Amino acid sequence: MGADDLMSPIAGPGSLPFRFLRGALLPHLLAALCAMAALIVYWPGRENGFIWDDLSYLVHSSAFRDPAQWKEALFNPPTGDAVFRPLTLLSLAAQLWAGQTDPAPFHVANFLIHAVNVMLVTLLAHLMVGRKSPAGVGAASALLCGLVYGLHPALTEPVLWIAGRFDLLMTLFLLLALLLDHALPAASWSRVLGVGLLFCGALLCKETAVGFLLALPLVHLAADQGPGPLLAAVKRVLASCRRVYSGLLLALGAYLLLRLAVLGPYLGMDRVMARYDSIGPPGQRVSIVVTSLAQYLMETVWIGGDLVPNRPLPLPVDGWSAALAAATVAGAVILACGAMRFTAAGRAPGALVLAFLAALVPLSNIVPAPTYADELQVASRYLAFPLVFACLALATLPPMLAVRHAGATKLFWIAAGVWTIASGAIVRTTIPLWKDEGTFFRWAIAGSGPTSWRYLYINLGAHYLRAGDLSSARDAFTRATDMQPKSAALASIAWYNLGNIEAKLGNADEAARAFGVALSFDPDNVFVRAALAEIERTQGRAGRAAALLEEALERLRAAGRVHPDRGLLHLRLGLAYADLARRDEAVRELTLARDLVRNQGLRIAAEEALRALSGPVREATKMPSQGPK
């Protein structure tokens with residue numbers, strides 16, 4: 001093999017006709033083998049239940065179950081105003097509309113999407129590496145790439161968690177875009193159109209697909225086969241791919257216009273951008289991004305790390321942690337740039353490592369996630385797409401070793417085999433930890449620090465509440481309140497849930513005390529106001545209940561807020577007026593409640609109360625508490 005063959009161990013864009021993927025048997029066999037391995041390892045997870053956000057989408061949301069409410073389901077999901085991901089939400093809703101209400105079909109769908117992604121990664125590796133590699137080495141490299149991606153423990157979160165489908169579907173569209181980019185002629189408009197449309201589809205699955213814009217030029221640089229120094233390669237890439245980059249920018253612009261039309265002038269990012277004020281000075285913001293990048297980098301390389309989802313990044317980041325993270329990231333960048341600058345054969349793996357880091361940038365809290373005041377988060381599911389480039393970089397190493405360091409080749413394959421087997425074993429042992437919410441949250445608490453315990457105990461308590469274990473639920477919520485969360489919103493939720501349990505146990509005074517504490521942390525919490533008013537009303541103090549609810553509605557009016565759950569306040573106020581024999585006002589409030597509440601059970605309750613008011617006013621029936629768990 002001559003020097004020209006070592007210029008780049010991967011094939012460039014458009015260097016292979018599309019019929020290569022249609023007609024070649026070997027890459028399809030390799031892809032099918034890798035996909036089958038991933039399915040076999042993950043298949044026991046089909047028996048797992050709904051976890052965490054799964055319940056918000058697939059159990060508690062009436063909009064997702066009713067095709068007539070498709071706009072509500074796709075554009076106003078229950079997990080946050082920053083979520084504009086209609087394609088993924090449509091995939092979840094479509095399964096419900098088809099009558100698939102049990103967890104198993106949703107888990108199987110996630111497994112199949114992951115299997116397709118594994119196939120595409122394997123095909124991409126064979127397309128980019130196989131053609132210019134020694135006989136057999138290219139096929140083995142593609143096989144390794146697919147297995148490493150398919151069995152990497154970091155991907156247990158998006159594969160086993162149904163709500164992780166956002167990342168899986170986004171990755172599917174971006175992998176198709178990469179394949180199309182490399183299979184179609186470099187100067188063709190079909191390449192521009194196809195890649196742009198697939199990129200737009202990925203954005204409609206999850207907005208973090210924007211990292212593709214940063215990574216793709218580096219992939220093109222990795223595939224450049226021309227002579228000359230690195231700067232000449234950069235100029236060639238920019239000249240030959242400018243149409244593709246222009247198409248991607250147009251696709252991004254179309255996506256932003258659509259998001260603007262649906263979510264308004266702030267693109268649904270109001271709460272997200274508000275986090276900047278609580279983070280601190282610019283130096284702290286840089287420290288947060290670098291620390292997040294370093295954690296993702298280490299999780300990619302070291303498979304024995306923490307796999308608990310939504311791991312907290314406590315704020316502020318201390319100087320020592322920031323310096324260590326900066327050294328880790330800088331070391332990776334220096335090694336990658338050095339390989340590109342000083343060795344012709346190192347251009348491909350170096351550029352792919354940089355593509356991996358570039359794809360991670362939008363995920364590394366450069367835009368802070370809307371979590372609680374004293375922390376941000378990192379999550380393994382965010383690696384679903386960036387990991388593709390790390391695996392492709394790995395696939396470039398065997399051809400280089402086969403030519404230059406044949407003696408090291410055996411050691412490489414032994415290490416790769418042990419690493420892959422260990423990855424599969426870790427995935428298998430992680431699957432049971434996602435079996436149900438009780439198992440999941442106990443595992444998360446055991447593997448997390450005190451900053452996570454605050455909301456994990458709240459979620460564990462909510463699980464016990466749904467299971468009817470009120471004593472365990474009270475213990476969990478009490479632990480959450482004992483943590484004294486720094487976030488007022490989180491503290492209010494913890495005390496609200498404790499009050500809810502005390503009310504169900506018949507401890508009205510304790511419930512009222514807990515609701516009062518919750519209200520002191522967050523006076524505008526609609527659910528707390530409604531719950532405290534209900535306690536007052538059922539204890540014969542309808543006047544105090546009405547005053548609490550009138551104050552809540554007045555606060556909303558004064559702030560100019562249109563709270564999506566304000567109908568609950570009108571319902572409880574109508575019931576209080578009925579107890580006070582203020583019939584006309586009760587009818588007015590209950591009619592408003594019937595028209596505004598989103599929960600079907602509350603709507604039925606409002607209608608029943610209105611029918612009761614058609615005759616003599618009677619003492620209203622005690623309402624169950626409703627609100628966030």
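Are α8 and α20 roughly parallel or roughly antiparallel to each other? I looked up their axes, which come within 9 Å and cross at roughly 150°. α8 and α20 are therefore roughly antiparallel to each other.

Before going on, I noted that this is a predicted model, in which local features need pLDDT of at least 70 and side-chain atom pairs count only at pLDDT 80 or more, while totals for chains, interfaces and linings use all residues. Residues are numbered from 1 along each chain as its sequence is written, and side-chain values use heavy atoms, leaving out hydrogens and water.

**Entry: terms for helices**

I take helices (H or I, at least four residues) and strands (E, at least two) as DSSP runs, numbered from the N terminus. Axes are lines fitted to C-alpha atoms, for helices over the stretch in contact, with angles from 0 to 180 degrees between N-to-C directions. Angles under 35 degrees count as roughly parallel, over 145 as roughly antiparallel, 65 to 115 as roughly perpendicular and the rest as oblique.

**Entry: α8 and α20**

I found α8 at residues 137-151 and α20 at residues 386-395. α8 passes α20 in a right-handed crossing (the near helix is turned clockwise from the far one by less than a right angle; anticlockwise is left-handed). In contact (heavy atoms within 4.5 Å) are S141, L144, C145, V148 and Y149 of α8 with L387, V388, C391, L392, L394 and A395 of α20. I sorted these residues into ten nonpolar, one polar and no charged. Here Ala, Val, Leu, Ile, Met, Phe, Trp, Tyr, Cys and Pro count as nonpolar, Asp, Glu, Lys and Arg as charged, and the others, Gly among them, as polar.

Next I looked at α25 (residues 470-482) and α26 (residues 488-504), which pack at about 155° with axes 9 Å apart. These two are therefore roughly antiparallel, and their crossing is left-handed. The contact includes F477 of α25 and W495 of α26. Its residues divide into eight nonpolar, three polar and three charged.

How do α26 and α27 cross, left-handed or right-handed? I found a left-handed crossing. The axes of α26 and α27 (residues 508-521) come within 8 Å and cross at roughly 165°, so α26 and α27 are roughly antiparallel too.

**Entry: rings**

I noted 22 aromatic pairs in the structure (rings of Phe, Tyr and Trp, its six-membered ring, with centres within 6.5 Å). W52, W161, W434, F440, F441 and W443 are linked into a cluster by ring pairs. I also saw the charged end of R85 over the ring of F166, 4.9 Å from its centre (NZ of Lys or CZ of Arg must be within 6 Å of the ring centre and within 35 degrees of the ring normal).

Most residues other than glycine have a negative phi, and most peptide bonds are trans. W52 has a positive phi of about 55° although it is not a glycine, and I placed W52 in the loop between α2 (25-42) and α3 (53-58). A cis peptide bond joins L315 and P316, with omega about -5°. I found P316 in the loop between β1 (311-314) and α18 (319-342).

Conventions:
Phe/Tyr/Trp six-rings, centres within 6.5 Å; stacked < 30°, edge-to-face > 60°.
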